[in-house]
Amino acid sequence: MVGINSTVAYTLDHKRVVLTLEERFLLIDYEYSSSGSTLGCFSSVACINSSFHSSIRHESIVYYNIIWAELASARAQTQLLCLRIDYCIVKNDLKATFSRSSFLVDGSEEQNCRAFTEALMNRAYRNTIRCKRLLVLINPFGGQGKATDRFLKLSLPIFDAARCHVDQIKTEYKGHAMDLIENMEGLEDRYDAIVCCSGDGIPHEVFNGLSKRKNAGLAFRVPVCQLPCGSGNALCVNLVGSNDLPFATLSTVKGVPIPVDLCSLTQGDKRYVTFLSQALGMIADCDLGTENMRWMGESRFTVGLVMRVLSRAKYPCEVSVRIAHESRSQVRRAYQEDKSKNHERYDDSVDAEAVASRSLPSLRYGTINDPVPEDWKIINTSTLAIFYAGKMPWMSSDALFFPAALPRDGYVDLVLIDSAIPRLEVLSILLNVQEGKHFDSKQIHYYKVDAYRVTPKAHSGFISIDGEKFDFTPFQVEVHPSLGTVLSRTGFYQAPGV
Ligand code: ADP
Ligand code: MG
C-alpha cells in the first residue's frame, strides 16, 4: 500500500520508479526488470548519491535543492499524468546546475500523487515562503560587464521555475539604485527581497536608499541579497557560502531573512550607511586603485595587494576607537559566546507599528564634526599599512579577513597592520587571510569596536567604503545593532568562525 510519503511513477521510457519522502531528501528508486538493464536510460542524473544494486538505482535530492514539483496532464487522450520536479544539482564546491526530471504517472494514481507532490513541496519550502516577489537590480557595469547575460541565462530560469515574481531594473548610472529605492512607492509591501545582481556597490546603494525613506525602520526589514555579478561579491559569499550564480539564485529562492547590524558613517556634513567594510591603506588602494584591471575580475584585488606590499606602502593616519574586545582571546570568547546563544529566528510579529514609525537611529557618539569622545583610545598609526574594518567575515571568496565577524553582535571587527613588519611576513599574513588563519598572528591588531574615527594624514589617497570610493577626508563610524535585514541561505553567516 503506497501512502502519502511515497508514490509510484515511470520514466519516460516506462521503467518503474518509486519516489519516497525521506527525512531530509527525496529518494528516487529506479527499478529495472531483469531484461531491461539499460542503466543509462534516464538521462537526467538527479543524484547527489547514486548507487547501483543489481536492479535498483537510487538517487536522492535534498529538499533544499528542490525548486518546484507539479503534477500536470501528460498527453492528450491518455490517462497519463506528468510529475515534473525542478531542482538544482549541487556539487561539493557549492556550484549548482539547474535540472528537471519528468516522470509519468498513471491516472489511477492521480489523487495519491497529488497529495505526494504537495507534501514534497511543503518539505521543499519548509523554512521559507514560496513564490517570492523579487525586485532585481542589475548593474550592467559591475565586474566584467556581463551581469545582464548571466542573470538571464543562469538565474531567471531558476526564478521562473520557482514561480517567483521578478521585476528587473537595470541601473543606468552610479547612484541610480539608491534613487530607485529611496523613491519607490510601496516598496515594503511590494517585495519579499531586493536582489542585487551586481558587486557590493549596489547593495551599498540599496541600504543607503532604504535609510533615506521616511519609514526607514520598516523599509530596512525588506531583505537585501546579492547575485554575484561584480568583482567584489562579499555579501553573497557571506550569506550563501559561495559565489556561484546558480547556487546564489537557489539560495535566494530558499533563503530566510535575518537581521544584521549596519553602520552609520559620517564624513563632512553627510551621513551614510555602510554594511560591509571601511578601508584605508593598501586594501582601499586595491579596491579602488585597480579599476584599470577590471577585466581580471576578482583577482584584481590580489594582484594589486602584492604590488603594494612589495613597494612597502604606508598610510599615516590617526585612529580613535571605542574598543569592546581588545585581545585575541577576548575576541574569540565573545565570538563563541555569541554563537552559542541560539539567536531567535526573525520574528515578523515584533511590534510592526513601532518599527514602521522609526526612522534612522540617532547617533550615539555624534558625528565627525564633534570632539572625539574622551573614553576612546587613540592609536598611533604613523606607519600604518592596512586599516580595515569589516562587519562580515569574507571580503571576497578568497579573503576571510574578519573570521570573528558576526551578523548582530553590535561590533565591527577592526584589523590594523603596520608597514614596519617585514615584507615577507606581510605577504605571509595576507596569504593566511584566505582561510582566516591570520587571526592568530601576533603581528596584526584585531579588535572588536562599536565606534571609531579615522583621520588620514596624507594629502591624497583612497578611502573605500563597501568597495565604493569616498572622499579622502576624516570619517567616523558607529554600529546600529540589527538595523538591516538580509536574505541568508541558512539563517547564519557561512564562515567557519574562530
Ligand atoms: P564591482 O564589484 O565590479 O565594483 P559594483 O556592483 O560594486 O561592481 O558596481 C560598481 C559601481 O558601478 C558602483 O559604484 C555602482 O554605483 C556603479 N554603477 C551602477 N550602475 C552603473 C551604470 N549603469 N554605469 C556606471 N556605473 C554604474
Ligand atoms: Mg564594488
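Helix 5 (residues 201–211) supplies three residues to the shell around ligand 1, the largest share; helices are DSSP runs of H or I with at least four residues, strands are runs of E with at least two, and both are numbered from the N terminus. This is a predicted model, in which local features need pLDDT of at least 70, side-chain atom pairs count only at pLDDT 80 or more, and totals for chains, interfaces and linings use all residues. Residues are numbered from 1 along each chain as its sequence is written, while chains are lettered from A and ligands numbered from 1 in the order in which they are written.

**Ligand shell**
- Ligand 1 is surrounded by 21 residues, of which Gly-142, Ser-198, Gly-199, Gly-201 and Gly-230 are the closest (near: C-beta atom, placed from the backbone, within 6 Å).
- The shell comprises 12 polar, five charged and four nonpolar residues; Ala, Val, Leu, Ile, Met, Phe, Trp, Tyr, Cys and Pro count as nonpolar, Asp, Glu, Lys and Arg as charged, and the others, Gly among them, as polar.

**Domains**
- The chain is assigned domain 1 (6–124), domain 2 (128–254) and domain 3 (263–339 + 370–480), with bounds from an automatic or database domain assignment.
- Contacts link 12 residues of domain 1 with 13 residues of domain 2 (C-beta atoms, placed from the backbone, within 7 Å).
- On the side of domain 1 that touches domain 2, strand 6 (66–73), strand 7 (81–90) and strand 8 (96–105) each contribute at least two residues.
- That side of domain 1 consists of eight nonpolar, two polar and two charged residues.

**Ala-404**
- Ala-404 lies in the loop between strand 18 (384–390) and strand 19 (412–418).
- Ala-404 counts as buried because it has 24 C-beta neighbours inside 10 Å (buried: 20 or more other C-beta atoms within 10 Å; exposed: 12 or fewer; partly exposed: in between; C-beta atoms are placed from the backbone).
- Leaving aside residues up to four places away in sequence, Ala-404 touches Val-331, Arg-332, Tyr-335, Asp-413, Phe-439 and Val-498.

Notes:
Two residues are in contact if their C-beta atoms, placed from the backbone, lie within 7 Å.
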